[in-house]
Amino acid sequence: GLLKKTNESEKYGKAFQELRESILRNAVKKGILCRSPETEHLDSSVLNFFTLMPIFRSEKHLLQKTVEAMEERIKDPLLGGIWRHEDSIVDLGDIQPWPCSTLWLAEAYLVLDKPEKAWEHLNWVIDNTSYCGLIPEYLITKGQPLGISMPSYSQGGFLIALLRHLNPEQRKIIPPGHLEYLKFENVFWNGKTFDLRT
């Protein structure tokens with residue numbers, strides 16, 4: 001739409017459609033969107049194709065099956081949260097839950113109109129932030145996060161997840177009561193500026 005009707009936009013549109021169809025044809029295994037055509041392993045980043053970059057927004061059944069598989073196969077049974085993907089290996093061990101991946105799952109539940117499940121995962125992220133509010137890259141063990149630093153992609157993901165709860169008429173979010181301390185002013189979203197407060 002924004003590119004107008006030019007030869008370039010037509011080429012991009014055609015390439016987009018071909019890429020979309022190729023992913024659906026080659027990376028969907030048993031009704032689940034997988035990591036790649038070569039494997040049936042899961043990768044939480046595919047959730048972004050339904051949310052942040054909604055090229056599969058209309059494929060709700062595909063999202064539902066993918067989310068169910070993630071809850072079963074890459075939700076950490078001891079720590080909670082979602083692993084980055086089934087092949088995840090880090091320097092201090094393998095298969096650790098990441099707040100960023102967990103935020104992607106929360107976003108997916110909002111697309112599926114299941115806000116209670118979204119808050120379940122969002123609350124896990126909140127419960128595992130540092131005392132100053134920073135979000136770690138992943139958890140090693142209970143109470144031992146790794147990679148707390150300056151605001152990261154996980155921090156941005158948290159703001160995006162909150163913005164999904166935005167009431168556009170009142171220009172405010174309506175989070176649970178225990179988040180009343182959060183205040184974000186002049187947040188730019190979809191071409192408008194909002195104050196996010198309860």
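I began with helix α3, residues 99-111, whose 13 residues reach 19 Å from the first C-alpha to the last, close to the 18 Å expected at 1.5 Å a residue (1.5 Å times one less than the number of residues). Helices here are DSSP runs of H or I with at least four residues, and strands are runs of E with at least two, numbered from the N terminus.

I noted that this is a predicted model, in which local features need pLDDT of at least 70 and side-chain atom pairs count only at pLDDT 80 or more, while totals for chains, interfaces and linings use all residues. Residues are numbered from 1 along each chain as its sequence is written, and side-chain values use heavy atoms, without hydrogens and water.

I then checked burial (buried is under 20% relative accessible area, exposed over 50%, partly exposed in between, with a 1.4 Å probe and protein chains only). In α3, 13 of the 13 residues are buried, so the helix is largely enclosed by the rest of the structure. Just after α3, I found Asp-113 with a positive phi of about 60 degrees.

Of its 28 residues, Leu-33, Leu-47, Leu-63 and Val-67 touch the most other members, and the largest share, eight residues, comes from α3.

Last, I followed Leu-63, which touches Leu-47, Phe-50, Ala-108, Val-111 and Leu-112, not counting residues up to four places away in sequence (contact means heavy atoms within 4.5 Å).

Terms used:
Core = buried A, V, L, I, M, F, W, Y, C linked by side-chain atoms within 4.5 Å.
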